[in-house]
Amino acid sequence: MRGTRAAARTEVFSPHSLEAAVQLLAEVKEPVRILAGGTDLMVEVETGRSELPGLVLDISRIRDLRFVDEGDEGAIHIGPLVTFADVRRSALLREKAPALWQAAGLVGGEQIRNAATLGGNIMNASPAADGIPPLLAAETHVVLTSSEGSRRIPLFSFFKGYRTTVAKPEELLTEIVLQPLAEGAHAYFRKVAPRRAQAISKVVFAGRIHVARDGAAAVLKTARLGIGAVAPHALRLFETERLLGAQVLTPRLIEDAVRTLRSEIAPIDDVRSTADYRRAVAGNMLRAFLMAGLTRSESGKAGF
Ligand SMILES: Cc1cc2nc3c(=O)[nH]c(=O)nc-3n(C[C@H](O)[C@H](O)[C@H](O)COP(=O)(O)OP(=O)(O)OC[C@H]3O[C@@H](n4cnc5c(N)ncnc54)[C@H](O)[C@@H]3O)c2cc1C
């Protein structure tokens with residue numbers, strides 16, 4: 001296998017079935033790395049951030065892991081091998097998961113989007129991954145599968161720390177289950193980076209709000225907010241959501257929410273940005289999203 005930092009001899013196992021893949025993970029005694037699109041893993045190896053072990057499990061040929069379906073219960077089910085290009089091609093995701101659809105169009109360039117999978121974006125667990133905040137705002141669960149069976153975990157509790165997750169080495173991510181955007185609700189996605197394309201996010205934010213009119217008032221029925229690049233891992237903004245829940249949306253409430261968000265995140269200074277800038281930008285994104293909600297509701301539109 002190519003890669004300057006591969007083990008002396010790296011074997012690649014490329015099964016066509018999930019059963020064969022989880023069987024391998026159950027049986028091998030040596031470390032294994034899972035490979036999907038390779039756009040994170042191979043960069044890690046080439047830059048020396050990690051070494052390829054003697055065994056690589058290439059899951060890219062497991063066709064059953066590449067699907068986008070609407071379940072009978074109304075949830076949207078996505079296979080981990082769905083690429084960002086697949087997300088962009090999906091009319092279902094465009095309509096019912098518009099923030100994810102928008103995020104997918106801003107990941108890398110066309111070649112990266114053709115190879116990079118949504119599953120890899122989640123499992124790589126970068127705090128700045130663009131696919132994760134829209135999934136957090138869509139109340140996503142992930143399904144992990146081993147030879148022993150499957151378990152389903154809310155995405156907000158999946159990340160443990162910087163680039164770490166609760167997944168065990170013998171588990172594969174096999175499904176991503178998200179809630180569709182409710183009728184009359186509005187979704188938002190915004191990525192701030194040094195350039196408009198091919199750049200790692202300084203802050204990445206996604207939200208869903210549902211505003212209803214009650215006489216002259218705009219009542220925020222629900223708010224679901226996800227954010228990245230402002231903490232060791234992407235976050236669901238529960239405190240800010242709680243403050244906003246079932247409240248009349250006013251400029252004062254919006255400013256309270258901006259303050260809460262800024263205290264809920266824990267950005268750092270690094271090569272890409274400063275903590276102060278990230279905190280300011282994150283608050284501005286929430287304000288822009290909520291102000292749009294207020295303005296549109298005042299103009300008499302029921303939804304967005
Ligand atoms: C030039 C360039 C630009 C990029 N731009 C962006 C960008 O704008 N936004 C962004 O968010 N990312 C960006 N990325 C990062 C990368 O493309 C994404 O994170 C991508 O989604 C990773 O998916 P992959 O299939 O390539 O993962 P891989 O590299 O194959 O795997 C990533 C990690 O996930 C594990 N893994 C993958 N699938 C599974 C699974 N099903 N079960 C268990 N473990 C699994 C692998 O073992 C590995 O640790 C960029 C990368 C490059 C090289």
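Trainee: Where in the chain is Ser126 placed?

Mentor: In this predicted model, Ser126 belongs to the loop between H7 and helix H8 (132–137).

Trainee: Is Ser126 buried or exposed?

Mentor: The term buried applies under 20% relative accessible area. Ser126 has a relative accessibility of 15%, so it counts as buried.

Trainee: What does the side chain of Ser126 reach?

Mentor: A polar contact requires a pair of N or O atoms within 3.5 Å. Here the side chain of Ser126 comes to 3.0 Å from the backbone nitrogen of Ala128.

Trainee: Which protein atoms lie 2.6 Å, 2.8 Å and 3.0 Å from an oxygen atom of the ligand?

Mentor: An N or O atom in the side chain of Thr117 is 2.6 Å from a ligand oxygen. For Gly38, a backbone N or O atom lies 2.8 Å from an oxygen atom of the ligand. For Gly108, a backbone N or O atom lies 3.0 Å from an oxygen atom of the ligand.

Trainee: How much of the ligand's accessible area does the protein cover?

Mentor: On its own, the ligand has 1,000 Å² of accessible area, and the protein covers 87% of this.

Trainee: Why is S10 described as largely enclosed?

Mentor: The count of buried residues gives the reason. Six of the seven residues of S10 are buried, so the rest of the structure largely encloses this strand.

Trainee: Which strands are joined to S10 by bridges?

Mentor: Strand S5 (residues 76–78) runs antiparallel to S10, and three bridges join the two. Strand S6 (residues 141–146) is also antiparallel to S10, with five bridges between them. Val177 in S10 stands opposite His77, and His141 stands opposite Val177 as well.

Trainee: S2 also contributes to the shell. In what order do the strands of its open sheet stand?

Mentor: The order is S1-S3-S2, an open sheet of three strands with parallel pairing. Its edge strands, strand S1 (11–13) and S2, each pair on one side only. Ignoring direction, neighbouring strands of the sheet are turned by 25 degrees against each other on average. Between S1 and strand S3 (residues 55–58) there are three bridges, and Val12 has Val56 in S3 as its bridge partner.

Trainee: What are the relative accessibilities of Glu139 and Arg163?

Mentor: Partly exposed is the term for values between the buried limit of 20% and the exposed limit of 50%. Glu139, with a relative accessible area of 33%, is partly exposed. Arg163 also counts as partly exposed, at 30% relative accessibility.

Note on methods: Residues numbered from 1 in each chain as written. Predicted model: local features only at pLDDT ≥ 70, side-chain atom pairs only at ≥ 80, totals over all residues. Heavy atoms only, no water. Polar contact = N/O pair within 3.5 Å; in protein donor to acceptor, adjacent residues only side chain to side chain. Areas by Shrake-Rupley, 256 points an atom, 1.4 Å probe, with all protein chains shown as cover. Buried < 20%, exposed > 50% of the residue type's maximum accessible area, 1.4 Å probe, protein only. Helix = DSSP H or I, 4+ residues; strand = E, 2+ residues; numbered from the N terminus. Pairing = 2+ DSSP bridges. Axes fitted to C-alpha atoms, helices over the stretch in contact; angles between N-to-C directions.
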